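Work through the following exercises with the sequence and the model side by side.

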Amino acid sequence: LRDNRIELVRASWHELSISVSDVSLSDEGQYTCSLFTMPVKTSKAFLTVLGVPEKPQITGFTSPVMEGERMQLTCKTSGSKPAADIRWFKNDKEVKDVKYLKEEDATRKTFTVSSTLDFLADRSDDGAVVSCRVDHESLNSTPQIAMQVLEIHYTPLVKIISSNSWPEEGQSIILTCESKGKPVPEPVLWTKDGGELPDPERMVVNGRVLSISFLNKTDNGTYRCEAKNPIGRNSTEYVLIVHDVFNTLLPTTVIPSLTTATVTTNVALTASTTTSATATSIRDPNALAGQTGPDHALIGGIVAVVVFVTLCSIILLGRYLARHKGTYLTNEAKGAEDAPDADTAIINAEGSQVNAEEKKEYFI
């Protein structure tokens, strides 16, 4: 061996050692050690030299990429022996669906390896780190890595957030329009029912925020927030419904006079009215406030009073007619027992004009 890279390290009757510096692929082959005895004794060994792959490079990326476009990234490395292995990662997550190609170099001793990553650009890929990793036994478990940061442009994504989920009359509400896009969207545009905001004094726009004070029913409608950038525009809508002011259910009023009249006149009627009033005052705690039905106790009380007044009127009228009728028959009947006929009885009756000229009798 005659090479400046080869040095004699140890020489004795029992051992002969050499060292080879700056190893190259040409150093690969069979080495023979000979002992010049009679006969000559030899020993052989085959030296295998590994080809270290070059640092990989990623090609095919042009910045920026529009959302929806197809991207083809290629990672290539040369000089590996045996052929190196290439793996793709996106944000530290390995991507399996890739193409792999292996070619021999001109010397037919090393290989050039390439791998292609093919995918559609999505807004979720913006800012993602794509890396190509080359694994080879000559790298001593320290792979070579090439990285590429993706830049994806996309139309704005718009969302409206409300500060009040149940707006009522007189209250205020704040609508926030969140828009995210690349490039950054321009200031948003607020409209109501397809036109401009009708009341600028109460409807104030500050950047992406729309504030409406002193809500009323005229504020009901569809509010639209629109955002745009050089890639395109997008919008979303919010339907505002202003509710009536929340009212607490008032207790049912029971008229005391109705209850008193019923108690003194009719026991059965008193029991019925008292039960209705008691039942009315007891409410279902699970019932929604503001939902009222017909006041059955009040209606029942009015009906009871009408019946009571009618009965009292009939009784008083009957008693009056009975008293008047008895008095008339009594005056007519006096002196009729001994009279031979009706004419004589009338003449002899008390209160007649014959016996009492000063008395007068009226018929009603």
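A surface patch is built from residues with over 30% relative accessible area and no salt bridge, where like charges are joined within 9 Å and nonpolar side chains (Val, Leu, Ile, Met, Phe, Trp, Tyr) within 5 Å. A salt bridge, in turn, is a side-chain nitrogen of Lys or Arg within 4 Å of a carboxyl oxygen of Asp or Glu, and accessible areas come from the Shrake-Rupley method with a 1.4 Å probe, with only the protein chains shown counting as cover for residues. The model is predicted, so local features need pLDDT of at least 70 and side-chain atom pairs count only at pLDDT 80 or more, whereas totals for chains, interfaces and linings use all residues. Residues are numbered from 1 along each chain as its sequence is written, and side-chain values use heavy atoms, with hydrogens and water left out.

**Exercise 1. Find which residues form a nonpolar patch on the surface.**

Step one is to list the members: Leu-1, Leu-8, Leu-16 and Ile-18 form the patch, and together they have about 450 Å² of accessible area. Step three is to classify Leu-8, which is exposed because its relative accessible area is 55%, where exposed means over 50%, buried under 20%, and partly exposed in between.

**Exercise 2. Determine how many disulfides there are, and describe each one.**

A disulfide is a pair of cysteine sulfur atoms within 2.5 Å, and by this rule the count comes to two.

Consider the link that joins Cys-75 to Cys-132, with an S to S distance of 1.7 Å. The torsion about its S-S bond is about -65°, so this disulfide is left-handed. It links distant parts of the chain, since Cys-75 lies in strand 7 (residues 70–80) and Cys-132 in strand 12, 57 residues apart. Cys-75 counts as buried because its relative accessibility is 0%, and Cys-132 is buried with a relative accessible area of 0%.

Turn next to the link between Cys-177 and Cys-225, where the S to S distance is 1.8 Å. With -80° about the S-S bond, this link is left-handed. Cys-177 lies in strand 15 (residues 173–182) and Cys-225 in strand 19 (residues 221–229), so the pair ties together parts that are 48 residues apart in sequence. Both Cys-177 and Cys-225 are buried.

Finally, when the bonded cysteines are numbered in sequence order, the pairing is 1-2, 3-4.

**Exercise 3. Work out in what order the four strands of an open sheet lie.**

Two strands pair if DSSP finds at least two bridges between them. The order is 9-8-12-13, with antiparallel pairing. The edges are strand 9 (93–95) and strand 13 (144–149), each of which pairs on one side only. Within the sheet, strand 8 (residues 85–90) and strand 12 (residues 129–135) pair in the antiparallel sense over six bridges, and Ile-86 stands opposite Val-134 in strand 12.

Note on methods:
Helix = DSSP H or I, 4+ residues; strand = E, 2+ residues; numbered from the N terminus. Buried < 20%, exposed > 50% of the residue type's maximum accessible area, 1.4 Å probe, protein only.
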